[in-house]
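Please look at the sequence and the structure first, and then follow the points below.

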Amino acid sequence: MAQPVQPKKTYHHGDLRAALLRSARTILEEQGIMTLGLRAITRHTGVSQTAAIPHFGNLTGLLSALATIGYEELVATLTPLLDKGPHAVGVAYVQFAMQHPGLFTLMFRSDVIDRQDPHLAAASAKTSTMLTQLVGDLKGQHSAHTCAGARAALWARVHGLAVLAIDGLLEALLTREGEGMTLNALIEDALRL
């Protein structure tokens, strides 16, 4: 006797694009950037690998969209602090990196994202505009001769601390020379202008 044909299982996400981005972010934060492949993302979402193509084109498109979200979230985090000055913004920048290490790392990985993507470029430009505004507010308070030099120096300081924090190197420093400081206290102290 022949078995009845079972109906093919189908999926329904409502918004497959958003579901793919959520899966990519989950994998990124739990397993790291090296595990982010289209197959892993679509498997995690419960769809075929080709299901992502109409939404993003390829893995670079998907990761660029995810990096765009990262920049948008960073802007949303920093914007309310602009009136409090560069110190508050710098601390929030480092804390954002520590709270979202995978996403933060992805945002600055030109080898896996497309910096020419118009959405990514616009979101990144908002962050850049904020930095320029802060440097303008500090005019005359920084040793650099140009606005670009001051901006580069301040960004290097904040971004460098963020990367050191993500990599666990600030915690190692605290273990050796911490003087009873917490990680947040170290970041606050390092960013005093």
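The crossing of helix α5 and helix α10 is right-handed, where a crossing is called left-handed if the near helix is turned anticlockwise from the far one by less than a right angle, and right-handed if clockwise. Helices (H or I, at least four residues) and strands (E, at least two) are DSSP runs, numbered from the N terminus. The model is predicted, with local features needing pLDDT of at least 70 and side-chain atom pairs counting only at pLDDT 80 or more, while totals for chains, interfaces and linings use all residues. Residues are numbered from 1 along each chain as its sequence is written, and side-chain values use heavy atoms, leaving out hydrogens and water.

**The pair α5 and α10**

- Two packed helices are described by the angle between their axes and the distance between the axes.
- Helix α5 covers residues 86–99 and helix α10 covers residues 183–190, and the two pack at an angle of about 140 degrees with their axes 9 Å apart; axes are lines fitted to C-alpha atoms, for helices over the stretch in contact, and angles run from 0 to 180 degrees between N-to-C directions.
- The helices α5 and α10 are therefore oblique to each other, given that angles under 35 degrees count as roughly parallel, over 145 as roughly antiparallel, 65 to 115 as roughly perpendicular and the rest as oblique.
- From α5, the contact (heavy atoms within 4.5 Å) is made by His87, Val91, Val94, Gln95 and Met98, and from α10 by Leu183, Asn184, Ile187 and Glu188.

**The whole chain**

- The protein chain has ten helices and zero strands.
- Of its 193 residues, 36% count as buried, a word that means under 20% relative accessible area, with exposed meaning over 50% and partly exposed in between (1.4 Å probe, protein chains only).
- Among contacts between residues at least 6 apart in sequence, 63% join residues at least 24 apart.

**Two buried residues**

- His159 is located in helix α8, which spans residues 147–166, and it counts as buried because its relative accessibility is 17%.
- Apart from residues up to four places away in sequence, His159 touches Tyr93, Phe104 and Phe108.
- Thr127 belongs to helix α7, which spans residues 118–137, and it counts as buried because its relative accessibility is 7%.
- When neighbours within four places in sequence are left aside, Thr127 is in contact with Tyr71, Leu74 and Val75.
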